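Subject: Structure handover

Hello,

Here is the structure for you to look over. My notes on what was found follow below.

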Amino acid sequence: MHILWGSLIMAAGLFMLVCGSLKSKFIIYRLMVARSKILWSENVHRFYQITGAIVIIFGALVAFGYI
């Protein structure tokens, strides 16, 4: 079960990382950016790149059973 949840967490992190890198116009990403722009202003895409990488690492730890 850890592998399933870890994979799903890693997929969410990958989504954030890719969309942040491409500055995607996907509707879900645009909604997330609109909320985050209040705090992060122009650095919002870099914020999603960094947090996406952190979420991927966390998902890998869950998948391998370290957490």
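Helices (H or I, at least four residues) and strands (E, at least two) are DSSP runs, numbered from the N terminus. On that basis the elements of the protein chain run α-α-α from the N terminus on. The count is 3 helices and 0 strands.

Two remarks on the basis. This is a predicted model, where local features need pLDDT of at least 70, side-chain atom pairs count only at pLDDT 80 or more, and totals for chains, interfaces and linings use all residues. Residues are numbered from 1 along each chain as its sequence is written, and side-chain values use heavy atoms, with hydrogens and water left out.

Overall picture

The C-alpha atoms of the protein chain fill a box of roughly 35 × 20 × 15 Å, taken along the principal axes. The chain has 67 residues, and 25% of them count as buried. Buried means under 20% relative accessible area, exposed over 50%, and partly exposed in between (1.4 Å probe, protein chains only). Take the contacts (heavy atoms within 4.5 Å) with a separation of 6 or more: residues 24 or more positions apart account for 58% of them.

Helix packing

Axes are lines fitted to C-alpha atoms, for helices over the stretch in contact, and angles run from 0 to 180 degrees between N-to-C directions. Angles under 35 degrees count as roughly parallel, over 145 as roughly antiparallel, 65 to 115 as roughly perpendicular and the rest as oblique. For residue classes, Ala, Val, Leu, Ile, Met, Phe, Trp, Tyr, Cys and Pro count as nonpolar, Asp, Glu, Lys and Arg as charged, and the others, Gly among them, as polar.

- α1 with α2: helix α1 (residues 2-22) packs on helix α2 (residues 27-40) at about 80 degrees, with the axes 11 Å apart. That makes α1 roughly perpendicular to α2. Phe15, Met16, Cys19 and Gly20 in α1 meet Ile28, Tyr29 and Met32 in α2. The residues of this contact are 6 nonpolar, 1 polar and no charged.
- α2 with α3: helix α3 (residues 44-63) packs on α2 at about 110 degrees, axes 9 Å apart. The two are therefore roughly perpendicular to each other. From α2, the contact uses Tyr29, Met32, Val33, Ser36, Lys37 and Trp40; from α3, Val44, His45, Phe47 and Tyr48. By class there are 7 nonpolar, 2 polar and 1 charged residues.
- α1 with α3: the angle is about 165 degrees and the axes are 7 Å apart. That makes α1 roughly antiparallel to α3. Here the contact residues divide into 15 nonpolar, 10 polar and no charged.

Individual residues

Where does Tyr48 sit? Its place is in helix α3. Tyr48 counts as buried, at 7% relative accessibility. Leaving out residues up to four places away in sequence, Tyr48 touches Met16, Leu17, Gly20, Tyr29, Met32, Val33 and Ser36. A polar atom of the Tyr48 side chain lies 3.1 Å from the backbone oxygen of Met32.

Ser36 is in helix α2. Ser36 is buried, with a relative accessible area of 12%.

Ala34 is partly exposed, with a relative accessible area of 48%. Ala34 and Ala12 are 22 residues apart in sequence and 18 Å apart in space, C-alpha to C-alpha.

Best wishes

Note on methods: Polar contact = N/O pair within 3.5 Å; in protein donor to acceptor, adjacent residues only side chain to side chain.
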